[in-house]
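Morning, everyone. I have one structure to walk through today. Here it is on the screen.

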Amino acid sequence: MAMAPFPPPPLLASHAAVRAAASRVAASRRIRVAGEDCHHHPPQVAALRRGDWVKLICGASFEDAADVRNLSLVYTLAGVDCIDCAADASVVSAVNEGIDVAASIVPEVQRPWVMVSVNDDCRDLHFRKAEFDPEDCPPDCSKPCDKVCPADAISLKRVMVGGEHAQSDPICDKLEGGVIMERCYGCGRCLSVCPYDRIRAMPYVRDPATTAELLKRSDVDAIEIHTTGKGIDMFNTLWNSLGESINNVKLVAVSLPNAGASTIDFMNAIYTIMQSNLEGYNLWQLDGRPMSGDIGRGATRETVSFAVDLTSVPDSSLGFYQLAGGTNLYTVDCLKKAGLFKARTLPGTRTTEKVGSQEALIGGIAYGGYARKIVGRVLRKIPSELGRVCIEDHPGYLLEALQEALSLVGPVKGYSALET
């Protein structure tokens with residue numbers, strides 16, 4: 001019998017509580033899928049068909065391996081179906097390490113699919129980094145960029161030109177630090193608040209050859225392609241560059257901006273391209289308001305409105321739909337008000353628009369910035385004097401983080417009433 005990749009942590013009182021909560025999640029999942037035909041669909045696809053799929057978005061440009069690892073651990077215990085991360089080998093390994101530790105704590109936990117995110121166009125907002133030279137900043141700057149950054153990706157401190165900490169004379173001071181590149185995920189909030197217009201956005205495109213190699217890994221299950229909706233040629237070029245490596249994954253997701261009336265035509269064109277060598281399932285991520293879920297209630301309305309528009313178009317079903325961009329704790333309620341939460345028929349109709357199908361119109365929800373925010377608050381409480389923080393070494397904080405994750409995942413999965 002193969003040994004677990006990581007030994008289980010000591011069975012402390014708080015670890016027992018974590019195991020109890022996560023075990024109830026796993027038991028709830030088993031009850032929910034009882035009677036379903038799981039021989040034809042993996043459990044992740046069964047979740048899409050039911051409408052209770054949940055994906056954690058670590059961030060297409062977020063490359064802080066330590067945080068990614070801990071986020072993956074917590075949300076695996078909370079029962080997500082997929083974890084989406086940057087197409088970087090070290091980040092993928094961090095995701096899988098977190099999943100493995102979660103499985104060592106609760107062996108019956110379902111292993112989520114691991115998805116890597118790439119782009120076909122450097123204009124996609126998810127693929128950029130902020131950049132500035134702190135020596136160009138006035139030493140008495142109030143540093144609004146630091147205050148507004150949701151990823152704690154900016155670090156600035158005043159020092160004397162001679163190297164000692166500044167006391168009172170700003171003429172002899174300067175700022176040191178700048179953007180922590182592995183933490184910046186391109187939200188762009190710092191760009192507009194800089195009073196001196198010194199911050200630049202540096203876009204980039206993920207290398208298709210590197211991505212193709214990642215897709216050959218046994219611990220990568222899916223790929224998400226972000227497209228700006230500004231043309232088919234770039235998508236076609238990327239798709240052809242990935243070649244047969246696409247056949248190694250179980251799911252291909254395409255992240256779409258809301259392009260209004262032309263969205264369906266664009267989807268049809270992409271679907272035609274993908275059908276040339278797509279062997280797995282396909283999913284459309286409706287990116288209503290990118291990287292804004294941590295802002296508040298209003299952020300989720302655009303993605304729900306996007307979903308309403310697409311599902312109301314006859315014969316628009318080209319795969320599963322999943323919400324993203326602005327998703328947070330208000331998204332489920334907004335979907336319910338629109339009549340689309342786990343719905344198999346359009347509001348006001350008696351028969352499904354997906355003829356011959358028993359699939360939910362909306363397969364599920366992906367949570368990014370908000371999911372990272374609520375667990376990140378816990379991670380920042382953990383003392384870090386000894387270097388890299390492993391959240392399972394702090395069972396009290398692990399339990400608190402799991403409770404936060406369950407508050408988000410639970411309402412979608414249907415186990416929000418579980419006590420932790």
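Let me start with one pair of residues. Take Val 252 and look across to S10: its bridge partner there is Asn 282. One caution before I go on: this is a predicted model.

S9 covers residues 251-256, and S10 covers residues 281-287. They run parallel and share six bridges.

Now zoom out. What do the eight strands close into? A barrel. The order is S1-S2-S3-S8-S9-S10-S11-S12, with parallel pairing. On average, neighbouring strands are turned by 25 degrees against each other, direction ignored.

Next, the place where S12 meets S1. These two pair in the parallel sense over four bridges. Lys 55 stands opposite Ala 366 in S12. On to S11, residues 320-324: two bridges join S11 to S12, again parallel. There, Leu 323 has Ile 365 of S12 as its bridge partner.

Is S12 covered on one face or both? Both. Gly 364 and Ala 366 are buried on one side. Ile 365 and Tyr 367 are buried on the other.

H13 touches S1, residues 53-57, and S12, residues 364-367. The direction of H13 makes about 155 degrees with that of S1.

The largest nonpolar core has 109 residues. Among those with the most contacts inside it are Tyr 75, Ile 223, Trp 239 and Val 375. Which helix gives this core its largest share? H13, residues 395-413, with nine residues. And why does the core lie between two domains? Because domain 1 (41-124 + 208-345 + 357-410) and domain 2 (128-160 + 169-203) both give residues to it. There is also a second, separate core of 12 residues, including Val 45, Trp 113, Ala 222 and Ala 253.

Let me pick out Trp 239. Leaving out residues up to four places away in sequence, Trp 239 touches Ile 225, Ile 246, Val 252, Ile 273, Met 274, Ser 276, Asn 277 and Leu 278.

Trp 239 sits in H8, residues 232-242. The buried residues of H8 are Phe 235, Leu 238, Trp 239 and Leu 242. Those four cover an arc of only 100 degrees around the axis, so they are on the same side of H8. A reminder on helices: an α-helix has 3.6 residues a turn, so residues three or four places apart point the same way. On the other side of H8, Asp 233 and Asn 240 are exposed.

What do the buried residues of H8 pack against? Strand S3 (113-119), helix H7 (208-215), strand S8 (222-226), S9 and helix H9 (263-274). After H8 comes Gly 243, with a positive phi near 55 degrees.

One contrast, in S6. Gly 177 lies in that strand, residues 173-179. Buried or exposed? Exposed, because its relative accessibility is 56% and the cut-off is over 50%. Gly 177 still touches Pro 134, Ser 155 and Leu 156, not counting residues up to four places away in sequence. The C-alpha atoms of Gly 177 and Pro 134 are separated by 6.4 Å, at 43 residues apart along the chain.

Last, the totals. The chain has 13 helices and 12 strands. Of its 420 residues, 54% are buried. Take contacts between residues at least 6 apart in sequence: 78% of them join residues at least 24 apart.

Conventions:
Residues numbered from 1 in each chain as written. Predicted model: local features only at pLDDT ≥ 70, side-chain atom pairs only at ≥ 80, totals over all residues. Heavy atoms only, no water. Core = buried A, V, L, I, M, F, W, Y, C linked by side-chain atoms within 4.5 Å. Buried < 20%, exposed > 50% of the residue type's maximum accessible area, 1.4 Å probe, protein only. Domains from an automatic or database assignment. Contact = heavy atoms within 4.5 Å. Pairing = 2+ DSSP bridges. Axes fitted to C-alpha atoms, helices over the stretch in contact; angles between N-to-C directions. Arc of directions from axis to C-beta.
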